[in-house]
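Me: I'd like to learn how to read salt bridges and sheets in a model. Can we walk through one together?

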Amino acid sequence: QVRVVESGGGLVQAGGSLRLSCAASGIIFSINTMGWYRQAPGKQRELVAVIDTGGRTNITGSVKGRFTISIDNAKNTVYLQMDSLKPEDTAVYYCNVEGRTRVSGPQFRLFGQGTQVTVSS
C-alpha cells in the first residue's frame, strides 16, 4: 500500500512565499512522476506542476517563473517552492504520485489529502 502525505500549506500575504512538501511511502517499486494539482472553491482541479525522476518538468503558465518544482528521488519526495504568491493562488493543493508497486504490476496514480494555501491581499 502506498501513502502520500503533504505538508507546508498555510496563510501568507500576497508577495510572500511558501514551500510545500509531499512524501510517498509504502511498497513502491518505482515512481514515474510526482506533481501538484490545486482546486480553488467553485473551480475544477487543475495541474500546477509535475516532475519526473529525471528532473523534467511541466509547469502551468499561470505560475511559471514564480513556482519551482523539485524532486528528491532517494526520499520519494517532491517539493513546490511558491514565490510571489497572489490571492488567485489560494486553493487546496494536492500532491499526485504515479508509479508501480512491483516490476510487472499495474501503474498506480494517487492523490494526497490536500493542504490549504491561502494568500491574503
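Me: Is R109 buried, exposed or partly exposed?

Reply: Some ground rules before that: this is a predicted model, where local features need pLDDT of at least 70, side-chain atom pairs count only at pLDDT 80 or more, and totals for chains, interfaces and linings use all residues. Residues are numbered from 1 along each chain as its sequence is written, and side-chain values use heavy atoms, with hydrogens and water left out. Buried means under 20% relative accessible area, exposed over 50%, and partly exposed in between (1.4 Å probe, protein chains only). R109 has 45%, so it's partly exposed.

Me: Which residue forms a salt bridge with R109?

Reply: A salt bridge here is a side-chain nitrogen of Lys or Arg within 4 Å of a carboxyl oxygen of Asp or Glu. For R109 the partner is E98, with the closest N and O atoms 2.7 Å apart. E98 is buried at 17%.

Me: Which residues are linked in a network of salt bridges?

Reply: R38, E46, R66 and D89. D89 forms a salt bridge with R38 at 3.0 Å between the closest N and O atoms, and another with R66 at 2.7 Å, N to O. D89 sits in the loop between β8 and β9, and R66 in the loop between β6 and β7, so this pair ties together parts 23 residues apart in sequence. Strands are DSSP runs (E, at least two residues), numbered from the N terminus.

Me: In what order do the strands of the open sheet come?

Reply: Strands of a sheet pair through backbone hydrogen bonds, either parallel or antiparallel. Here 4 strands run β1-β3-β8-β7, with antiparallel pairing. Two strands pair if DSSP finds at least two bridges between them; β7 and β8 have 6.
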